[in-house]
Amino acid sequence: MALLTAGCSGRGGAGREANPSDVETGDFGDLSGVCHGGSATGAPAQGVTAEEIEVGVFSDVGFTKQPEFVDAAKAFTSWCNAAGGINGRKLVFEVRDTKLMEVRQRMLDSCREDFALVGGGAALDGLGVKDRLSCLLPEFPAQVSQSQNLQSDLQISALASTYAHYEPYFGFRSWLLNEAYPGSAGAVGIINGDSPVTKVLGDKAVEAIRAAGGTVTYNDLYPASGVPDWTPYAQAIKSKGVKGLVFYGDFRQLGKLEDVLTSMNYKLDWIDPTNNSYNKQFLRAAAQSADFQNNVVDLTGAVPIEAADASPAMKQMHDMFAKYAPGAELALGSVRALSSWLLFAKAATSCGDQLTRRCVFEAAGTETDWTGGGLHTPRDLSDNDAAPRCFNVVQATPNGWRQADFAPDQGLFRCDVAPYRYTGDYGAATTLADVGKTLADFE
């Protein structure tokens, strides 16, 4: 469960004080004028003054110690403010550290103070969604986890990795089972952290793997906090003859499991540690088995961190973080968060001086071809239930992550995905009607 979230704690966003060499253009990738100066007046909404806009960033940092959401907030707000802010208003962020179990408490704090939630996420986010809708707080998350919050009202995900009704990894799973490693199709295993988040993800994966032509021969749970000895699990995987393994949970635990499998000289055709493991920390955790086991993940259309030479937007992201969040390790969560910040800022800038929640939310919802300036494949944000379009695969090696040979057909991506819509019932999203509200109440 720990790998599902990221962040840090504390107030920030005014960033370091800009000096003349820090002045930015406010353009990012193929987006122009995301941030710029102006002469803002008044306080048209909660969290908005003539000088500042306060937004909340949800995170489980007190539990996970994963900082990518706060690093993204620090880097983007500093960059935006150096360009003049949002029509002259400076962005200030408050990290709402849920420490895993304090989702409601932090949501109530945000309801009292923030203009919007941007670029964050929490593993147990379903616990706070009713409070968020009750206070009519819009959300532009980097990550959504639980079914109660997936595609809930007043929420726009710039770069969704999880869908309420569609399997986000169907193209990837079909490629694994039918093209790359067809010998693994008859022996797929799933091992899952025993938590309310990952258990649902595991159930969805079983349905999708079967739909893609695979057979699940091993399906097990482990305590979400981890186990002292992974030998029994490794022996069960070997005895079942598992050839492809999907792992949901803390990637540090997977590193321990892979070490045991490797010491047993048992090599799988592939292991999917899920894309929250797409970071340097997983590479360190799996270092002893990195050249033996085959870890592959689907980035669901996000430009790989390593592809700065092939993507001007990714190159600019690297430069932004190096300047305003030096020392930060970029991960997939960083890309998701930055796309969310760019979406929010572009929409807020378009609203002019009279900045309201409704204006920002409606402006963001008009984006039908959103790429975060070139950070990922296009997303139609006007359709809350749009199906995934593309996938792209990276592979872990002792020398870092590299692009796998997955036959891309559109630059860095493969976009011949046939969407798969779930047939199982995995829970419903929370609506305004569930808390006695309507869009007429949203201002």
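With which side chain does the side chain of Glu 167 make a polar contact? The partner is the side chain of Arg 173, at 3.5 Å; a polar contact is a pair of N or O atoms within 3.5 Å, where within protein one atom must be able to donate a hydrogen and the other to accept it, and residues adjacent in sequence count only if both atoms are side-chain atoms. The model is predicted, with local features requiring pLDDT of at least 70 and side-chain atom pairs counted only at pLDDT 80 or more, while totals for chains, interfaces and linings use all residues. Residues are numbered from 1 along each chain as its sequence is written, and side-chain values use heavy atoms, with hydrogens and water left out.

Glu 167 is placed in the loop between β5 (139-140) and α5. Helices (H or I, at least four residues) and strands (E, at least two) are DSSP runs numbered from the N terminus. The side chain of Glu 167 also reaches the backbone nitrogen of Tyr 169, at 3.1 Å. Leaving aside residues up to four places away in sequence, Glu 167 touches Arg 173, Lys 204, Ala 208, Pro 388, Tyr 420 and Tyr 422, contact being defined as heavy atoms within 4.5 Å. The relative accessible area of Glu 167 is 5%, so the residue is classed as buried; buried means under 20% relative accessible area, exposed over 50%, and partly exposed in between (1.4 Å probe, protein chains only).

Helix α5 (residues 170-180) lies across β10 and β11 and runs at about 145 degrees to β10. Axes are lines fitted to C-alpha atoms, for helices over the stretch in contact, and angles run from 0 to 180 degrees between N-to-C directions. The sheet in question is open and consists of three strands in the order β10-β11-β12, with antiparallel pairing. Its edge strands, β10 (296-298) and β12 (400-403), each pair on one side only, and the twist averages 30 degrees from one strand to the next. Strands are taken to pair if DSSP finds at least two bridges between them. Strand β11 (residues 393-397) is joined to β12 by four bridges, and Thr 397 stands opposite Gly 400 in β12.

Parallel pairing is found around strand β8 (residues 244-248). Five bridges connect β8 with strand β6 (residues 188-193) in the parallel sense, and Gly 244 in β8 is the bridge partner of Val 188. Three bridges join β8 to strand β9 (residues 270-272), again in parallel, with Leu 245 opposite Ile 271 in β9. Together with helix α8 (residues 251-263), β8 and β9 make a right-handed β-α-β unit; a crossover is right-handed if, with the strands pointing away from the viewer, the path from the first strand over the helix to the second runs clockwise. Strand β8 is mostly covered, five of its five residues being buried. In a regular strand the side chains alternate between the two faces of the sheet. In β8, Gly 244, Val 246 and Tyr 248 point one way, and Leu 245 and Phe 247 the other way.

The structure holds four disulfides, a disulfide being a pair of cysteine sulfur atoms within 2.5 Å. With bonded cysteines counted along the chain, the pattern is 1-2, 3-4, 5-6, 7-8. In the disulfide of Cys 35 and Cys 80, the sulfur atoms are 2.0 Å apart. The torsion about this S-S bond is about -105 degrees, so the disulfide is left-handed. The pair links distant parts of the chain, 45 residues apart, with Cys 35 in the loop between β1 (10-12) and β2 and Cys 80 in helix α2 (residues 68-82). Cys 35 is buried at a relative accessible area of 0%, and Cys 80 is buried at 0%.

Cys 111 and Cys 135 form a disulfide with sulfur atoms 2.1 Å apart, left-handed with -65 degrees about the S-S bond. This pair bridges 24 residues, from Cys 111 in helix α3 to Cys 135 in the loop between α4 and β5. Cys 111 is buried, with a relative accessible area of 13%, whereas Cys 135 is partly exposed at 21%. The buried residues of helix α3 (residues 103-113) also include Val 103, Arg 106, Met 107, Asp 109 and Ser 110. Among the elements that cover the buried residues of α3 are β2 (52-59), β3 (90-97), β4 (117-118) and α4 (129-134).

The disulfide of Cys 390 and Cys 415 has its sulfur atoms 2.0 Å apart and is right-handed, with 105 degrees about the S-S bond. Cys 390 lies in the loop between α12 (357-364) and β11 and Cys 415 in the segment after β12, so the link ties together parts 25 residues apart in sequence. Both Cys 390 and Cys 415 are buried.
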